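Subject: Handover of a structure model

Dear colleague,

Please find the sequence and the structure below. My notes on what was found follow directly after them.

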Amino acid sequence: MKKPLALLSSIAFSLGIAAPLAQAATFKDVSESYRFYEDIDYLSDTGVISGFPDGRFMPDTQVTRAQAAIMIGRAFDVDGTKRSTVFNDVSPSSVASGYIAQAVEGGIISGFPDGTFRPNEPVTRGQLAILLTRAYELTETAPVSFKDVSKNSAAYSYIGKIIAAGITQGYPDNTYRPDKAVKRGEFAAFMSRAIDAADITPVPEGSALYVDFLNVGQGDAILLWFPDGQTMMVDAGRSDADIREAVNGFGPGFTVDTFVATHPDADHIGGADAVIKDFGVKTVIDSGQDHTTNTYLDYLAAIQVSGAAFKVAKEGQDISPDPSVSVKVLHADSQASDLNEGSIVLKVSYGDADYLLTGDAGIEVENEIMAKYDLDAEVLKVSHHGSSTGTSPAFLAAVDPTDAILSYGEGNIYGHPHSEVLNHLLEYGVDVWKTPEGNIETWTEGQEIHFTQGIDVPPTVEDPVEGSSPVEIASKDLSGETVGIKNSGASSVDLSGWKLVSVQGNQIYTFPDGYILGAGKTVYVTSGPNAKEQLPTYLKWTTSNMWANIGDPAQLFDSNWEIVSAVD
């Protein structure tokens with residue numbers, strides 16, 4: 001997510017409490033593989049945080065309540081002059097006293113019923129949720145279903161707000177761990193994400209184009225809201241239920257004026273009949289390709305019953321209902337031998353802001369439109385859910401996007417997005433947004449494009465305790481697509497339901513029921529073209545490439561989603 005620079009220009013705080021020394025992400029104890037590196041790097045680059053005189057950041061040191069008061073106070077540039085407080089255990093001579101006093105006056109911090117502040121106690125995750133919610137005035141809330149958070153907990157409602165803000169998702173085992181002490185690395189991550197989520201996102205002052213990429217599982221659905229109030233939906237996911245859930249928050253009066261079916265595959269028109277029947281579609285624009293599936297026949301029947309106008313897209317035409325916005329058809333081929341290659345490709349332009357929507361078009365289509373059109377666009381909807389059939393390096397160079405959208409279903413059987421495409425995007429330096437993390441909402445007044453997403457950060461995962469399990473990731477061959485997992489203990493371990501995670505692609509292998517790893521034995525999980533199944537030593541994941549060769553951490557979880565081992 002792009003950081004709100006307007007807020008950052010007014011922020012001056014340091015995570016180095018004792019004689020801080022400013023450094024720009026050169027902390028010798030924070031490597032690029034550290035899970036909060038990007039948060040620390042971002043805050044350091046912008047001068048928000050600093051480390052200690054010896055060049056360390058000390059990310060694993062716990063943050064005390066006094067230190068938290070100082071950091072949050074400095075974030076808002078408050079007067080930290082030492083003074084008396086209402087707490088009997090905070091000395092007026094304490095370096096934190098002024099910040100504590102100001103935080104209390106601002107309603108950010110409160111003490112305990114016995115009149116103490118307990119400045120030297122560590123901040124817990126529950127307390128941090130309260131502090132950040134109050135400090136950054138977070139208002140939106142999300143359901144709290146963590147098994148270790150009671151509705152009677154003081155932090156309950158605040159945890160709901162930081163979840164809604166995308167600051168954390170909790171742990172994979174459906175816990176939040178509200179009593180767990182917060183370390184400096186985690187505090188930096190939460191602070192960085194709170195800055196993102198703070199209610200300072202610019203709002204349009206004039207006419208704006210909104211483009212939302214909807215979370216419909218393994219499929220595509222894109223909603224355009226034009227400045228004149230009209231709407232257009234491009235594709236509708238795999239099912240009626242998926243598309244209805246994705247638009248559930250748009251209100252009872254929600255309508256779609258124009259529906260565009262890029263091509264008749266089920267994951268693009270599966271919910272089209274519901275859209276056409278439920279949302280008052282007046283015009284349907286189609287690729288002109290026929291199909292024989294029941295899904296396609298339901299789509300045609302819905303059009304006929306609705307009375308909507310049916311049009312076939314023609315290359316070069318502008319299908320926008322709003323004259324202030326161009327929605328140009330760059331490709332459509334009703335005679336294509338492959339449905340994907342007949343996909344409608346659209347370039348949406350409003351002022352200087354451009355979106356390129358590629359459907360499931362492959363490299364052949366990419367080459368064709370590269371030769372004909374200026375493809376430069378800030379936002380690229382990656383074709384075919386991130387399949388390696390598209391998004392070549394040459395195409396990326398032609399589009400030159402700053403942000404890319406991957407629309408897919410988590411854990412899908414196709415292995416989307418493929419590692420080759422992720423590698424291309426990473427190598428090009430594109431910011432990647434993924435629909436499994438929630439609807440991706442964007443808007444523009446014709447210049448900068450603004451992004452928001454309900455959940456756009458990976459779950460906070462606690463590091464495994466060294467030696468807590470005899471099973472660990474012993475080897476990782478990214479190019480060979482093989483990960484070795486060894487049981488160094490003296491007895492067998494049942495790996496039924498355990499998970500091996502490719503972090504870069506957020507792809508998961510689940511060990512089969514009944515798989516036992518013998519004492520002293522190693523099992524290899526294989527993927528890619530040379531994947532093989534040869535029990536008990538080799539387990540086949542998939543013939544798709546699952547690991548990003550330029551670097552892809554691996555994590556191993558047990559059947560309760562407790563992390564067991566991790567390697568960078």
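The largest cavity holds about 40 Å³ of space. Please bear in mind that this is a predicted model. Under the rule applied, one cavity of 30 Å³ or more is counted. Its lining is made up of Asp-220, Ile-222, Val-234, Asp-235, Thr-262, Ile-344, Leu-346, Leu-357, Thr-358, Gly-359 and Lys-381. Sorted by class, five of the residues lining the largest cavity are nonpolar, three are polar and three are charged.

Pockets

The second largest pocket has a volume of about 280 Å³. Its lining comprises 15 residues, and those nearest the centre are Arg-65, Ser-110, Gly-111, Gln-127 and Ile-130. By class, nine residues of this lining are nonpolar, four are polar and two are charged. Helix H5 contributes the most to the lining of this pocket, namely four residues.

Helix H5

H5 spans residues 125-135. The helix is mostly covered, with 10 of its 11 residues buried. The buried residues are Arg-125, Gly-126, Gln-127, Leu-128, Ala-129, Ile-130, Leu-131, Leu-132, Thr-133 and Ala-135. After H5 comes Glu-137, which has a positive phi, near 50°.

In soluble globular proteins, nonpolar side chains tend to be buried together. In this model the largest nonpolar core has 43 residues, and Tyr-136, Ile-159, Tyr-176 and Phe-187 have the most contacts inside it. At least two residues of this core come from each of helix H3 (65-75), helix H4 (97-105), helix H5 (125-135), helix H6 (156-164) and helix H7 (184-197).

Setting aside residues up to four places away in sequence, Tyr-176 touches Arg-125, Gly-126, Ala-129, Phe-146, Asp-148, Val-149, Ile-159, Ile-162, Thr-168, Tyr-171 and Phe-190.

Strands S1 to S3

Strand S1 (residues 209-213) and strand S2 (residues 222-225) run antiparallel and are joined by four bridges. S2 is likewise joined by four bridges to strand S3 (residues 231-234), again in antiparallel fashion. Leu-223 in S2 is the bridge partner of Asp-212, and the partner of Leu-223 in S3 is Met-233. S2 and S3 form a hairpin with five residues between them, and Gly-229 in the turn has a positive phi of about 100°.

Thr-255

Thr-255 lies in the loop between helix H8 (240-246) and strand S4 (258-261). Is this residue buried, partly exposed or exposed? Thr-255 is partly exposed, because its relative accessible area is 38%, between the limits of 20% and 50%. Apart from neighbours within four places in sequence, Thr-255 is in contact with Thr-231 and Phe-279. Thr-255 and Asp-278 are 23 residues apart in sequence, and their C-alpha atoms are 8.1 Å apart in space.

With kind regards

How values were computed
Residues numbered from 1 in each chain as written. Predicted model: local features only at pLDDT ≥ 70, side-chain atom pairs only at ≥ 80, totals over all residues. Heavy atoms only, no water. 1 Å grid on protein atoms, 1.4 Å probe; cavity = no way out; pocket = protein on both sides within 12 Å on 5 of 7 lines; lining within 4 Å. Points joined across faces, edges and corners; volume = space filled by probe spheres on them. Nonpolar A, V, L, I, M, F, W, Y, C, P; charged D, E, K, R; others polar. Core = buried A, V, L, I, M, F, W, Y, C linked by side-chain atoms within 4.5 Å. Buried < 20%, exposed > 50% of the residue type's maximum accessible area, 1.4 Å probe, protein only. Contact = heavy atoms within 4.5 Å. Pairing = 2+ DSSP bridges.
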